[in-house]
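User: Hi! Could you walk me through the aromatic contacts and surface charge in this one?
Analyst: Happy to, let's take a look together.

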Amino acid sequence: MSLRIVVCVKYVPDATGDRHFADDLTVDRDDVDGLLSELDEYAVEQALQIADEADDAEITVLTVGPEDAKDALRKALSMGADKAIHVEDDDLHGTDVMGTSLVLAKAIEKAGYDLVITGMASTDGTMAVLPAILAERLGVPQVTLLSEVKVEDGTVTGRRDGDTASEQLEASLPALVSVTDQSGEARYPSFKGIMAAKKKPVEAWDLSDLEIEADEVGLEGSWTTVDSAAQRPARTAGTIVKDEGEGGKQLAGFLAEQKFI
Amino acid sequence: MAEVLVYVDHVDGAVRKPTLELLTLARRIGEPVAVALGAGAADTAAVLAEHGAVKVLTADAPEFTEYLVVPKVDALQAAYDAVSPVAVLVPSSAEGKEIAARLAVRIGSGIITDAVDLEAGDEGPVATQAAFAASFTTKSRVSKGTPVITVKPNSAPVEAAPAAGAVEALAVTFGALATGTKVVSRTPRESTGRPELTEAAIVVSGGRGVNGAENFHIIEALADSLGAAVGASRAAVDAGWYPHSNQVGQTGKSVSPQLYIASGISGAIQHRAGMQTSKTIVAINKDSEAPIFDLVDYGVVGDLFAVVPQLTEEIQARKG
């Protein structure tokens with residue numbers, strides 16, 4: 001029996017670019033190049049490793065985003081995923097995490113799945129709540145923040161390294177898994193993989209395909225409102241000294257002045 | 001007066017500091033009602049009352065430790081149904097965010113995470129957040145349902161504000177999903193005796209310039225002289241010099257201490273994302289062109305192997 005894996009990925013503005021907000025206080029995507037969120041590469045990698053271990057598995061990568069978000073899907077396909085689903089709709093502009101999770105949940109259900117894999121967080125919003133929300137919406141166990149994951153005989157097991165303890169977790173499929181950057185280095189797409197990706201199917205769905213009304217998503221349908229976004233004032237130039245033998249003592253003087261000592 | 005639910009993060013009854021900070025913020029919005037779950041829940045009441053909790057709802061059951069996250073969501077939802085609060089505040093830990101997220105879906109509310117400040121507003125609580133590696137500050141609110149907001153450690157002072165803090169048992173019925181993810185085993189992390197990284201008032205971090213696991217002791221010695229937590233850059237963690245649990249940055253932990261001391265860290269955007277909201281920033285680096293120097297209040301261009309030990313020694317001398 002085939003193991004159906006859906007990997008949710010996000011196309012994010014490059015963090016090394018000059019990221020800012022548009023006039024409507026949504027993220028300005030026009031001025032900064034986008035890319036597959038680095039933390040989602042680990043999700044794709046774990047999907048590939050799980051599929052390798054399974055008798056028969058199919059990996060679908062899923063994203064919600066504008067036209068350019070196809071780049072994120074292509075990257076995942078070139079790493080080795082089998083097919084892709086792109087949910088795109090003009091009414092999605094400005095959708096927050098509640099709306100995005102609604103769209104993802106409907107798309108995952110429509111696609112069919114045994115296992116959903118996500119990254120631990122996106123590298124732009126970095127909320128780290130989408131995996132838990134998605135598990136709640138899908139009504140499946142959440143096996144989240146894993147640094148090690150394994151699927152065998154319809155059971156997913158994994159290790160979650162928390163602040164105070166390391167936990168070994170177990171759940172029956174269907175389930176949702178999120179992985180951290182400790183789960184294993186993501187592979188680079190090979191030339192062959194890149195060429196093969198061009199022939200792999202990318203399905204395009206919109207809100208009507210998922211029976212979602214426009215007012216459930218987008219900026220208007222958002223569950224949260226951003227009232228203002230201000231660039232933080234550049235830090236005023238600090239004192240910089242060159243160590244000529246007394247650098248540590250000088251620094252101690254500064255810390256004492258600031259009452260840290 | 002309106003009631004505000006505050007989720008209590010505690011270890012066997014010992015309340016962690018971020019929860020006490022939450023009580024300060026909760027009092028700006030209404031009367032805090034605390035929800036403490038698991039072993040030692042009732043033992044939290046005295047300290048919660050001292051910091052403003054008018055009521056402490058407690059529940060204990062094996063489900064809270066034997067299964068992941070969902071039993072706690074069931075309990076918080078029971079508290080929500082019992083109290084009908086105007087907001088729900090949860091500490092921004094990994095687990096806290098997951099609990100808040102699932103509760104928000106269930107009660108049909110929006111969620112704001114990692115708030116660094118909170119004020120009462122005409123249309124409900126207004127949260128301040130840092131965006132894009134903390135290069136922007138946003139003010140947001142939840143526009144649907146009862147605001148569910150997670151708050152980062154060090155976002156508010158801990159203030160004494162004695163209140164009744166009457167303990168009440170919370171009746172919880174676990175749903176079918178509660179037992180979905182079993183915790184097969186739990187290995188407590190060995191305590192270093194240092195403060196928890198995300199909660200610490202002072203963080204001392206080492207990066208590529210530390211040049212080996214065997215040299216991290218000089219970073220630790222500086223941290224200990226200041227009662228600080230130890231952090232590490234991704235480069236140092238990827239090289240295997242320091243545990244991932246201490247990684248500061250975009251893919252690690254986000255910290256917001258009163259003082260951040262970066263040693264041998266160049267300050268790539270990914271690292272800045274995790275520490276830029278620190279109140280005072282200090283850096284020690286050989287490279288005068290390192291981007292970290294754009295952020296600092298005080299920087300020393302020099303060899304950390306000379307500067308850090310001298311600093312540690314001077315701190316100890318001044319402390320007598």
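Analyst: One term before we start: buried means under 20% relative accessible area. Also keep in mind that this is a predicted model.

User: Good. How many aromatic pairs are there over all chains?
Analyst: There are six aromatic pairs in the structure, over all chains. Take Phe132(B) and Phe136(B): their ring centres are 5.9 Å apart and the planes sit at 85°, so that pair is edge-to-face.

User: And is Phe136(B) buried or exposed?
Analyst: Phe136(B) has 6% relative accessibility, so it counts as buried. Phe132(B) counts as buried too, at 7%.

User: What about Phe216(B) and Tyr242(B), what kind of pair do they form?
Analyst: A stacked one, with 4.5 Å from centre to centre and 25° between the planes. Phe216(B) is in helix H6 of chain B, while Tyr242(B) is in the loop between helix H7 and strand S16 of chain B, so the pair ties together parts 26 residues apart in sequence. Phe216(B) is buried, with a relative accessible area of 1%, and Tyr242(B) is buried with 12%.

User: Switching to charge: which residues gather in the negative patch on the surface?
Analyst: The patch brings together Asp18(A), Asp30(A), Asp31(A), Asp68(A), Asp71(A), Glu88(A), Asp90(A) and Asp91(A).

User: Where is Asp18(A)?
Analyst: Asp18(A) is in the loop between strands S2 (11-13) and S3 (34-36) of chain A. Its relative accessibility is 55%, so Asp18(A) counts as exposed.

Conventions. Residues are numbered from 1 along each chain as its sequence is written. Chains are lettered from A and ligands numbered from 1 in the order in which they are written. This is a predicted model: local features need pLDDT of at least 70, side-chain atom pairs count only at pLDDT 80 or more; totals for chains, interfaces and linings use all residues. Side-chain values use heavy atoms; hydrogens and water are left out. Patches are made of residues with over 30% relative accessible area and no salt bridge: like charges are joined within 9 Å, nonpolar side chains (Val, Leu, Ile, Met, Phe, Trp, Tyr) within 5 Å. Accessible areas come from the Shrake-Rupley method with a 1.4 Å probe; for residues, only the protein chains shown count as cover. A salt bridge is a side-chain nitrogen of Lys or Arg within 4 Å of a carboxyl oxygen of Asp or Glu. Lys and Arg count as positive and Asp and Glu as negative; His and the chain ends are not counted. The place of a charge is taken as NZ of Lys, CZ of Arg, CG of Asp or CD of Glu. Helices (H or I, at least four residues) and strands (E, at least two) are DSSP runs, numbered from the N terminus. Buried means under 20% relative accessible area, exposed over 50%, partly exposed in between (1.4 Å probe, protein chains only). Rings of Phe, Tyr and Trp (its six-membered ring) pair if their centres lie within 6.5 Å; planes under 30 degrees apart count as stacked, over 60 as edge-to-face and the rest as tilted.
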